[in-house]
Amino acid sequence: MLERTFFLLALVISACVTVNIYFPAAAVERAAEQIVKETWGGPGEPAKAPPKPQSYNRLAPMRTVSVKFVSEAHAQEADINVSNPAIRALKDAIKQRSSAIKPFMDRGNIGIGQDGLLTIRTTDGLSLKERADAQQLVEAENRDREALYVEIAKANGIPKENVPRIKNIFAKSWIEQAQPGWWIQDSQGNWKKK
């Protein structure tokens with residue numbers, strides 16, 4: 001009897017650990033792809049299928065239970081919230097601003113950094129007013145992108161310490177969906193045209 005009680009206690013603890021350390025990476029990737037398409041209208045790539053649930057457990061009786069917990073976690077992925085009022089407002093602001101930023105990106109003045117944020121690459125060919133406009137646009141855009149990642153975490157109960165993971169996933173999507181001819185920064189910090 002004591003052995004069975006210990007077994008059940010271990011099962012409950014392992015289930016709690018699985019739920020507590022879970023990060024919905026595949027769902028965030030899908031959300032990032034969709035949000036970037038909605039706000040910037042980039043060419044994009046088709047959404048990737050979520051990974052199949054996998055479970056490994058040395059104790060055969062627990063294998064079925066573990067798969068069930070993983071399946072429940074993956075079921076939660078499909079419901080990631082990216083449409084509450086705060087997120088919608090940020091997406092709308094990013095979308096409205098994109099038409100003012102794109103000409104600077106087409107000319108190579110603004111590029112997408114390796115962190116997915118915009119950067120003034122060069123001010124060559126820009127008047128003093130255009131330089132100020134570009135700087136204001138970049139600052140507003142980066143502020144909204146950072147706020148978007150925080151809001152997505154809040155809306156989905158993702159711990160604050162995972163916001164950098166959300167940012168990294170979005171960075172990949174901003175870079176992948178950049179238009180040909182735009183400047184992007186690689187992981188070593190070098191700039192290249194897409």
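Reader: What does buried mean for a residue in this predicted model?

Author: Buried means under 20% relative accessible area. Take Asn-109 in this predicted model. Its relative accessibility is 3%, so Asn-109 counts as buried.

Reader: Where is Asn-109 found?

Author: Look in the loop between α4 (85-106) and β1 (110-112).

Reader: Is Glu-33 buried or exposed?

Author: Apply the cut-off again. Glu-33 has 9% relative accessibility, so it counts as buried. Glu-33 is found in helix α2. The C-alpha atoms of Glu-33 and Phe-170 are separated by 7.7 Å. Along the chain, these two are 137 residues apart.

Reader: How many residues does α2 have, and what span does it reach?

Author: Helix α2 covers residues 25-40, which is 16 residues. From first C-alpha to last it reaches 22 Å, close to the 22 Å expected at 1.5 Å a residue. Its buried residues include Ala-26, Val-28, Ile-35 and Trp-40. Just after α2, Gly-41 takes a positive phi of about 60 degrees.

Reader: How are two packed helices described?

Author: By the angle between their axes and the distance between the axes. Here, α2 and α4 pack at about 65 degrees, with axes 8 Å apart. From α2, the contact uses Ile-35, Glu-38, Thr-39 and Trp-40. Residues on the α4 side include Lys-91, Ile-94, Ser-98 and Met-105. By class, this contact has five nonpolar, two polar and four charged residues.

Reader: Where do nonpolar side chains tend to be in soluble globular proteins?

Author: They tend to be buried together. In this model, the largest nonpolar core has 37 residues. Those with the most contacts inside it are Ile-112, Leu-148, Ile-152, Ile-166 and Phe-170. At least two residues of this core come from each of α2, α4, β1, α5 (128-155) and α6 (163-176). Follow Leu-148. Leaving aside neighbours within four places in sequence, it is in contact with Ile-35, Ile-87, Leu-90, Lys-91, Ile-94 and Phe-170.

Reader: What is the mean pLDDT of the chain?

Author: The mean is 80, and 70% of the residues reach 70 or more.

Terms used
Residues are numbered from 1 along each chain as its sequence is written. Side-chain values use heavy atoms; hydrogens and water are left out. Helices (H or I, at least four residues) and strands (E, at least two) are DSSP runs, numbered from the N terminus. Buried means under 20% relative accessible area, exposed over 50%, partly exposed in between (1.4 Å probe, protein chains only). The expected span of a helix is 1.5 Å times one less than its number of residues. A nonpolar core is a set of buried Ala, Val, Leu, Ile, Met, Phe, Trp, Tyr and Cys residues joined through side-chain atoms within 4.5 Å. Contact means heavy atoms within 4.5 Å. Axes are lines fitted to C-alpha atoms, for helices over the stretch in contact, and angles run from 0 to 180 degrees between N-to-C directions. Ala, Val, Leu, Ile, Met, Phe, Trp, Tyr, Cys and Pro count as nonpolar, Asp, Glu, Lys and Arg as charged, and the others, Gly among them, as polar. pLDDT is the predictor's confidence in each residue, from 0 to 100.
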